[in-house]
Amino acid sequence: MIEFSTYNVIFFSISSFTLISAISVGLVNSLMRSLFFLILTFIGVAGLFILLSADFIAIAQLLIYAGSISILLLFAVMLTPESSTNNGNSKYFLPGILIGIIFTYLMVALVTIFQFNQLSGIHLKKLDFDNTIASIGELLLGKYIIAFELASILLLFALIGAISIVRSNESDFLISLNNKDKK
Amino acid sequence: MIELEYYLIVSILLFGIGLFVCIGKKNIISIVMGIELLLNAVNLAAISFSRYGSEFESQSDALSGHIFVIFILTVAAAEAAIALALCVLVYRHLKTINVSDVSELG
């Protein structure tokens, strides 16, 4: 039975906030509003990370998801103006709801049957560090250094790739410049 | 006491909602939003397993889930940049970003 304590109240309020705003992403008509609900969802997930005592991940979530990825999505919405009011449903709307419900049912049944608590110990794990940042830094530059360097190369390629995809032809650009000069 | 299962159920619900957004919407940007929801659900599951996990041999092994989430964040940022560049490109050529209308090559 769930007793009434501060932690429980905070957990249930944050998780219901997150889930309600996540559902609103799918049900709201305007694409801009659904983007704002997506940002609320990111903030709620960051709150859950704080409850799980993952301070660095929570800050990274706020910076990367709620900060930069949502701004990228905002740019994409504004660069494609005709679609900015349209968050329409595809012809797979009902199958989508059905698949979501079936998946959720199966996985919740799996989690409740499997009883992770008995396997992994009911007690909260007491971590001995004040914050996780120092340990994460040591792990990133020690055990996982190859993956860390590969991630930086991946980011560089993604940056160059995105710019070279979106950039228009250089000759078109020069022609438009010439036309402007003539006017 | 809030235990691992509660966090896992929240994560599963978030994943289900993301699946619904991915499948049920016809706008490419909405589909990208659905993918971000899916990645967030996976992050939540990884962090909660890392928090409530069983005994670890050394202390720093307890943070493997955090490292996982950091790499997922990196890949998500790269993926979002590429996907949105493709959105803008498709819109520039076809004047629409509905996936049902973008069904022909060339």
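Some housekeeping. Because the model is predicted, local features need pLDDT of at least 70 and side-chain atom pairs count only at pLDDT 80 or more, while totals for chains, interfaces and linings use all residues. Residues are numbered from 1 along each chain as its sequence is written, chains are lettered from A and ligands numbered from 1 in the order in which they are written, and side-chain values use heavy atoms, with hydrogens and water left out.

I start with the chains. Chain A has 8 helices and 0 strands, and chain B has 3 helices and 0 strands. Helices here are DSSP runs of H or I with at least four residues, strands are runs of E with at least two, and both are numbered from the N terminus.

Of the 183 residues in chain A, 33% are buried; in chain B, with 106 residues, buried ones make up 61%. Buried means under 20% relative accessible area, exposed means over 50%, and partly exposed is in between, using a 1.4 Å probe and protein chains only. The accessible surface is about 11,700 Å² for chain A, 71% of it from carbon and sulfur atoms. For chain B it is about 4,000 Å², with 66% from those atoms. These areas come from the Shrake-Rupley method with a 1.4 Å probe, and for residues only the protein chains shown count as cover.

Next, the core. Which residues have the most contacts inside the largest nonpolar core? They are Leu38(A), Leu73(A), Ile29(B) and Met33(B), in a core of 62 residues. A nonpolar core is a set of buried Ala, Val, Leu, Ile, Met, Phe, Trp, Tyr and Cys residues joined through side-chain atoms within 4.5 Å. Helices 1, 2, 3 and 6 of chain A and helices 1, 2 and 3 of chain B each give two or more residues to this core.

Take Ile29(B). Leaving aside neighbours within four places in sequence, Ile29(B) is in contact (heavy atoms within 4.5 Å) with residues of both chains, including Leu73(A), Val77(A) and Cys87(B).

Asn43(B) lies in helix 2 and Val69(B) in helix 3. Is Asn43(B) buried or exposed? Asn43(B) has a relative accessible area of 0%, so it counts as buried. Val69(B) is also at 0% and buried. With neighbours up to four places away not counted, Val69(B) touches Ile57(A), Asn43(B), Ala46(B) and Ile47(B). On the same terms, the contacts of Asn43(B) include Phe49(A), Gln61(A), Tyr65(A) and Val69(B). Val69(B) and Leu39(B) are 30 residues apart along the chain, with 9.4 Å between their C-alpha atoms.

Last, the empty space. Rolling a probe the size of a water molecule over the atoms shows where such space is left. The largest pocket holds about 610 Å³. Of its 29 lining residues, those closest to the centre are Leu72(A), Leu155(A), Ala77(B), Ala78(B) and Ala81(B). A pocket is an open set of points on a 1 Å grid where a 1.4 Å probe fits, with protein on both sides within 12 Å along at least five of seven lines, and lining residues have an atom within 4 Å of a point. Helix 3 of chain B gives the most to this lining, with 10 residues.

How values were computed: Grid points are joined across faces, edges and corners, and a volume is the space filled by probe spheres set on the points.
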